[in-house]
Amino acid sequence: MKRLLVIATLVAPGAGLLWFTLRPATDASYNLPLFHFYVVTFITFSAAVISILLSVALGPAAQPRHRLAATAFAVIGSIFFSHGLATPGALIDHFHPAVQWSAWLTLFGGGAIFAIAGLETARGMPRWLPVRQVIYAAAAGTVLYTAVAALTPQWLTFIDSNVAPLHKNSIFVITLALWLFAAMGLWRAWRRTRSRVDGALAFVACWLAQATVSMHLFTVWRFSWWIYHIALLVSFLVTAYILAAEYEQVRQFRLMPYFVAISLIATALLALAASALFTQFSYGTLTDEVERAISNSADRLAGDVSQELPGTAGPQDLEALAQDPAFGRTMGFRRMGLQITEMAIYDAQGIAIFASRPEDVGLPADDPAEFAATQAGATTAEVQPPPDPNSPGYSASLNHYSVEAYVPIYAAGAPSGPAIGVLSVWQDASSLDQAIQRARLTGLIIAALTMGLLLAALLIVVRRADRIITARTEELGHAYSDLRQAEGMRDDLTYMIVHDLRNPLAAILGSLDLLPTFGTAEQAAMRLRMVDNARSAGQRMNGLIDDLLAVGKIEAGELKPNFLPTDVSALVAARLEAFGPQAAADKKTISIVCPPGLVAELDSSLISRVLDNLVSNAMKYTEPEEGVIAVSATADDGRIAFSVRDNGEGIADEQKERIFQKFVQAPNANTTPARKGTGLGLAFCRLVVELHGGQIWAQDAPGGGSEFVFWIWRSRDGL
Ligand code: ADP
């Protein structure tokens, strides 16, 4: 069912054309130059703007044939725009060759680009036909043609008068072949990809092949000829919609191009509407003037006729005068003097008794109502629009405005008496055509300029907004990726902590499991060691948890240190004592240098843990039996400096700052992280030292190994 519907739509234009060929009587003529001018100009302009925007927005990321399809419609819209502008009688009164040429080249240019798009195979575009160059060539061709049409239309006329009908016929055949070729290529692409865009493009190529027939082989203004306008519009809408929908995800939203496109379209719409209104307005003024002028001429001519009649003349005298050849000659001269094209004199019954065109004698007046009004004494004048080209007896020379006036004829010297006949004059008003076209063009230019300027001013604001939006979007992007990174780190940390808590816990549980098996007195020493192990593992776990909680609290600003005067030498000694058994077990040496009686205001539990962390790191990163760890505290300048030095593996220069960040662990010599902890200890140390208003850093120890130094103020006074 769906397939049937698609096929029916596909051949609809051709079926219509066939019908009109078989039944030409049904092929009504719609001679609508102004509709053609306003609607075609506006739609093609909008289509060109949208297609250009689309081909720019698609960019190189899109499939080459899809980009080419957008370009094809940019060319179609741009060239067809000049077709609309050149509509005869809208802005230019004479026939302009661009009307025909633009129509031909619209389908020819579009067909050529579509045919190139149809060349794309599964391996891409042929190497000798790079898409970018095709797009540039299409743009250059369009600009070149537009320039020729606008500046040197005589070139086109020259070809028309010397090559016709060969050029017209060959363009038709080539254009049709291009569209059919494109339809086949794109259909193959659709069979390969089954993508809706390729299907739609093959469909559009078929439609435009039929449009080519409608344009070249059918009579202008007939419905069969209008079909190609409809086909072009529908094809554009289908292509633009399907491309925009397909590439929605890859398109990056930017305010500017959308604003420019909408502004241009709005400007065109408003300029055309303003031009139509301005023309309407000017038309009233212009026709008033023309009508007044002809009424004056008609009055004077009627005066001349009266002069020829005696004062008491009746209708029969007028009839006698009309027969007089001398009168005819006089009127001929007067008519020329007053620039009146044709004249006629009617009797009281409204039948012509004299006419500048002898064949009109004996015919009734054109407009009985006006005739009657004139007989009653009024002078009437009316502008007549150009006649309908489909009316019988129409000729191209009549294709402009005219003005007709009726005036009463009185006997000489008796203007107050009854009218004895009616004079009708008819004047060619081709100057009115030009004036109206000028008004249309003026309205168009003024409105386009004012609207254009206004929108250009707004463009500055939009550009700024666009920049802000882009910058904010980027910032948000960065913030988002930072957030993702932080999330990743948190997950890693959770894993590490869980992992690292398992080791001390295993040690605790292992020791506790073994305890009951050592029941004898001799085994008391062994039991004691087990308990010691369990305790130190428990303490390690506690330290880890403390670090984690403390870092979180300090960062959240929730941890308030408890500064109290503290004996620093006792504090350092106590910490080292705690590491004594482990140092003895690992056969490492720990020494301490600290002047006695050194007192400072500090949070003893936090600073103790800082020392714990530094010493435990020194223990971790030195080899058993070789490790030498030296701790010192010195007072100087109101500050106390602490140092924990070891002769371990040392720290590479580029890591010396990084290791104070949370979760950072320096890779060891093999560049794999030597994961003996969580990377949290030094971050905790830095935060605590900073809370005390001090600084901490790592440096190389003389003779190898590393040294961690930090200082804090001795007194809180004056801080
Ligand atoms: P960790 O729990 O990994 O020890 P820390 O924040 O205490 O976390 O240390 C961060 C990193 O700094 C360690 O992974 C290690 O690479 C390096 N580091 C710290 N102290 C020393 C040291 N005394 N000698 C060599 N490297 C050290």
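Helices (H or I, at least four residues) and strands (E, at least two) are DSSP runs, numbered from the N terminus. The structure is a predicted model, in which local features need pLDDT of at least 70, side-chain atom pairs count only at pLDDT 80 or more, and totals for chains, interfaces and linings use all residues. Residues are numbered from 1 along each chain as its sequence is written, and side-chain values use heavy atoms, with hydrogens and water left out.

**Domains.** Begin by colouring domain 1 (2-24 + 32-251), domain 2 (293-431) and domain 3 (560-718); these bounds come from an automatic or database domain assignment. The C-alpha centres of domain 1 and domain 3 are 79 Å apart.

**The sheet.** Select strand S1 (residues 342-346) and strand S2 (residues 352-355), which pair in the antiparallel sense over three bridges; pairing requires at least two bridges found by DSSP between two strands. Ala344 stands opposite Ala355 in S2. Five residues separate S1 and S2 in a hairpin, and Gly350 in the turn has a positive phi of about 85°.

Now extend the selection to the open sheet of five strands, ordered S2-S1-S5-S4-S3 with antiparallel pairing. Its edge strands, S2 and strand S3 (380-384), each pair on one side only. From one strand to the next the twist averages 20°.

**Helices on the sheet.** Next, show helix H13 (residues 368-375), which lies across S1, S3, strand S4 (402-409) and strand S5 (421-428) and runs at about 160° to S3. Here contact means heavy atoms within 4.5 Å; axes are lines fitted to C-alpha atoms, for helices over the stretch in contact, and angles run from 0 to 180 degrees between N-to-C directions.

**The largest core.** A nonpolar core is a set of buried Ala, Val, Leu, Ile, Met, Phe, Trp, Tyr and Cys residues joined through side-chain atoms within 4.5 Å. Buried means under 20% relative accessible area, exposed over 50%, partly exposed in between (1.4 Å probe, protein chains only). The largest such core has 66 residues; Leu68, Phe114, Tyr145, Trp179, Leu208, Tyr228 and Leu243 touch the most other members. Elements giving it two or more residues include helix H3 (64-85) and helix H5 (131-151).

Centre on Tyr145: not counting residues up to four places away in sequence, its contacts are Ile79, Ser82, Ala98, Trp101, Ser102, Leu105 and Leu156.

Finally, select H3, which is largely enclosed by the rest of the structure because 18 of its 22 residues are buried.
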